Amino acid sequence: MVYSWPDAFEKAQAADRILRERLERLGLSFDQVLTEFVGANAVHGPLAGPPSSDAPEIQLRVGVRGMDRKAVERFTKEIAPLILTGPPGVTGFAGGRPKVEEIVAYWPALIPKREIESNVEVFRA
């Protein structure tokens, strides 16, 4: 969801609080709830410092991770009410209800070179 000026960041923060409170009242718990404020701190997190009060727009991006598929599906149903009765100035929501998907991810890591055995095979036709 994209919140517009004035007070775009404050509106996005309010929407996040409303959503989290609603999830708590519904008794929904997740392994992780991730909130990003794109345009304020989505890339650098707290290192970005506070966003400008003149920010023309802030995108609120919220995702959850959990083993209970029904709880995650219920989470997706809480987005539309937030748009209709949450902070004013929201726009940019046209994709419909988000789909529940399994997470496929990688975890980049460094390992000691001695742990890797190199092998090259050359085949001649």
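## A buried lysine without a partner

Lys11 is buried (under 20% relative accessible area, where exposed is over 50% and partly exposed lies in between, using a 1.4 Å probe and protein chains only) yet has no salt bridge. A salt bridge here is a side-chain nitrogen of Lys or Arg within 4 Å of a carboxyl oxygen of Asp or Glu. The nearest side chain of opposite charge belongs to Asp7, 6.2 Å away; Lys and Arg count as positive and Asp and Glu as negative, while His and the chain ends are not counted.

This is a predicted model, in which local features need pLDDT of at least 70 and side-chain atom pairs count only at pLDDT 80 or more, while totals for chains, interfaces and linings use all residues. Residues are numbered from 1 along each chain as its sequence is written, and side-chain values use heavy atoms, with hydrogens and water left out.

Where does Lys11 sit? Lys11 is found in helix H1, residues 8-25. Helices (H or I, at least four residues) and strands (E, at least two) are DSSP runs numbered from the N terminus. Not counting residues up to four places away in sequence, Lys11 touches Tyr3, Ser4, Trp5, Pro6, Pro87, Pro88 and Gly89; contact means heavy atoms within 4.5 Å.

The peptide bond from Trp5 to Pro6 is cis, with omega near 0°.

Asp7 also has its place in this loop. Its phi is near 60°, a positive value in a residue other than glycine. Asp7 counts as partly exposed because its relative accessibility is 42%.

## The nonpolar core

In soluble globular proteins, nonpolar side chains tend to be buried together. A nonpolar core is a set of buried Ala, Val, Leu, Ile, Met, Phe, Trp, Tyr and Cys residues joined through side-chain atoms within 4.5 Å. The largest one here has 23 residues, and Tyr3, Leu19, Phe30, Phe37, Ile58, Leu60 and Phe75 touch the most other members. At least two residues of this core come from each of H1, strand S3 (57-65), helix H2 (69-76) and helix H3 (79-85). H1 supplies the largest share, six residues.

Let us look at Ile58, which lies in strand S3. Is Ile58 buried or exposed? Ile58 counts as buried because its relative accessible area is 0%. Leaving aside neighbours within four places in sequence, its contacts include Met1, Val2, Tyr3, Ala8, Phe9 and Phe37.

## One side of H2

Which residues of H2 are buried? They are Ala71, Val72, Phe75 and Thr76. These residues lie on the same side of H2 because they cover an arc of only 150° around the axis, the arc being that of the directions from the helix axis to the C-beta atoms. They pack against H1, S3 and H3.

At the start of H2, a side-chain oxygen of Asp68 reaches to within 3.1 Å of the backbone nitrogen of Lys70.

## Glu78, between two helices

Glu78 has its place in the loop between H2 and H3, and is buried, with a relative accessible area of 6%. Leaving aside residues up to four places away in sequence, Glu78 touches Leu19, Arg22, Leu23 and Leu26. The side chain of Glu78 also makes a polar contact with the side chain of Arg74, at 2.7 Å. A polar contact is a pair of N or O atoms within 3.5 Å; within protein, one must be able to donate a hydrogen and the other to accept it, and residues adjacent in sequence count only if both atoms are side-chain atoms.
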